[in-house]
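Visitor: I would like to learn how to read this model, feature by feature. Please give the general idea each time and then the case at hand.

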Amino acid sequence: MKIMVDAMGGDNAPGAVVKGSLLARDEVGVSIVLSGKEDVLKKYIENETKDYRNIEILNAEDIITNDDKPVLAIRRKKESSLVKALHAVKNNEADAIVSAGNSGALLSGATLIIGRIGKLERPALAPFMPTDKGFALLVDAGANADCKPEYLADFALMGSIYSRHILNIENPKVGLLNIGGEEGKGNQLSIDTYGLLKNSSLNFVGNIESRYVLRGDADVIVTDGFSGNILLKSIEGTASYIMDNLKKELMSSFRSKVGALLVKPALRNFKKRLDYGEVGGAMLLGVNAPVIKAHGSSDCIAIKNAIKQTKNILDSNVVNLIREALQTQH
Amino acid sequence: MFEKIREIICEKLGVSPSEVNMKTSLKDDLDADSLSLFELVMAFEEEFNLEIEDEQVENIETVGDIVTYLENIIDK
């Protein structure tokens, strides 16, 4: 089992990516191929260790930046760390890919190079969100701004399988993100999708409003990429706002500073629950190999966790399970 | 040439052959977005062993445009 890691992608690349990869290698014994400029990567590796076991480098002289237009970058920057890594997976030289770089490029590249499973129309991005009951999966969090009901039905199916095998939830509850709880609510897409999900074999629990998502009312939250992306960023932004302003208030007087000292461990635990880096990355469901998008600002721990998550995905054979389920469906 | 192109379009866009003729608009009739268009372009490049310039992709509207464009490149 080999995992390709785009060593030049992300705000903290390549240092954090190299360090995170080595941590993952040591913790779970996975084989990693780092794509990027060989001479640069060698220096970063040597800063951390002399142990090159299960670490290889795939030389790539070019980089796709966050300013690059995704599809054009994939087409024109054929020597980039991301494109070379995607081709390695396509050619079975590696089994999966992790990147913290340009999201659009990773998603487009995975679709164009690794390819969609069978007749699936649209792959979807699926990050985890922390909830009162553990974690929920959001599908689609931004790969497809405009969707048809059939796409959302596919997202629900893939999300259920992923949830079952990676979160070990026996019969994942599938909820349709909507502006109201009752059947018949929402736009035409919601109404039509509701019908498809109700008649499916999935454990569909109905519509779920955004305010109840973090309560854990559903294990898989299904929505179009536009709404999903807004939901995700709203939650991230609200969490940052609360933490920043809470900190300001706690530091505002002597009395509250004393209180802050006492609650510091509790706050640290709470912050950890919201930390995306603790759970790994977002899987692109619906392509022929595991493709994991780590957050752009991932530190080495977030990268390590994304790689560990990828190993879990490979061990659980999730992509093949999704392929079989989609074949039955279509 | 048209047959092969139609086969690739049907495979990539999940449409039936009867929906594809020379006048079929990729965007309006077959619902292809920019990513699907590039999927097709890459499939044609692999099938016919040639390179299609990105700027030319913007000029492709119908299946007929693809056939004409590819025939021109292959003739050269």
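Visitor: Into which domains is chain A divided?

Guide: Domain bounds come from an automatic or database domain assignment. Here chain A is split into domain 1 (1–120 + 286–317) and domain 2 (124–280). Their C-alpha centres lie 26 Å apart. This is a predicted model, in which local features need pLDDT of at least 70 and side-chain atom pairs count only at pLDDT 80 or more, while totals for chains, interfaces and linings use all residues. Residues are numbered from 1 along each chain as its sequence is written, and chains are lettered from A and ligands numbered from 1 in the order in which they are written.

Visitor: How many residues does the contact take from domain 1 of chain A and from domain 2 of chain A?

Guide: Two residues are in contact if their C-beta atoms, placed from the backbone, lie within 7 Å. On that basis 16 residues come from domain 1 of chain A and 12 residues from domain 2 of chain A. Helices (H or I, at least four residues) and strands (E, at least two) are DSSP runs, numbered from the N terminus. Helix α11 (residues 300–316) of chain A supplies the largest share of the domain 1 side, nine residues.

Visitor: What is that side of domain 1 of chain A by class?

Guide: The classes are nonpolar (Ala, Val, Leu, Ile, Met, Phe, Trp, Tyr, Cys and Pro), charged (Asp, Glu, Lys and Arg) and polar (the others, Gly among them). The side of domain 1 of chain A that touches domain 2 of chain A has six nonpolar, seven polar and three charged residues.

Visitor: Which strands does β2(A) join by bridges?

Guide: Two strands pair if DSSP finds at least two bridges between them. Strand β1 (residues 2–6) of chain A and β2(A) run parallel, joined by five bridges. Within that pair, Lys2(A) is opposite Ser31(A). The path from β1(A) to β2(A) goes through helix α1 (residues 15–28) of chain A, a right-handed β-α-β crossover. Right-handed is meant as follows: with the strands pointing away from the viewer, the path from the first strand over the helix to the second runs clockwise. Five bridges also link β2(A) to strand β3 (residues 55–59) of chain A, again in parallel, and Ile32(A) has Ile55(A) as its bridge partner. Helix α2 (residues 38–48) of chain A carries the chain from β2(A) to β3(A), in a right-handed β-α-β crossover.

Visitor: Why is β2(A) largely enclosed by the rest of the structure?

Guide: A residue is buried if 20 or more other C-beta atoms lie within 10 Å of its own, exposed if 12 or fewer, and partly exposed in between, with C-beta atoms placed from the backbone. Strand β2 (residues 31–36) of chain A is largely enclosed because five of its six residues are buried.

Visitor: What is the order of the open sheet of five strands?

Guide: The order is β6-β7-β10-β8-β9 (chain A), with mixed pairing. β6 (128–131) and β9 (203–208) of chain A each have a single partner strand, so one side of each is left without a neighbour in the sheet. From one strand to the next, the twist averages 30°. Strand β8 (residues 173–177) of chain A runs parallel to β9(A), with five bridges between them, and Leu177(A) is the bridge partner of Ile208(A).

Visitor: Which strands does helix α6 of chain A touch?

Guide: Axes are lines fitted to C-alpha atoms, for helices over the stretch in contact, and angles run from 0 to 180 degrees between N-to-C directions. Helix α6 (residues 149–166) of chain A touches β7 (134–139), β8 and β10 (220–222) of chain A, and its direction makes about 165° with that of β10(A). Helix α7 (residues 188–198) of chain A lies across β8 and β9 of chain A, at about 165° to β8(A).

Visitor: Is Leu26(B) buried or exposed?

Guide: Leu26(B) is buried, with 21 other C-beta atoms within 10 Å. Leu26(B) sits in the loop between α1 (2–13) and α2 (34–48) of chain B. Thr24(B) lies in the loop between α1 and α2 of chain B and counts as partly exposed, having 17 C-beta neighbours inside 10 Å.
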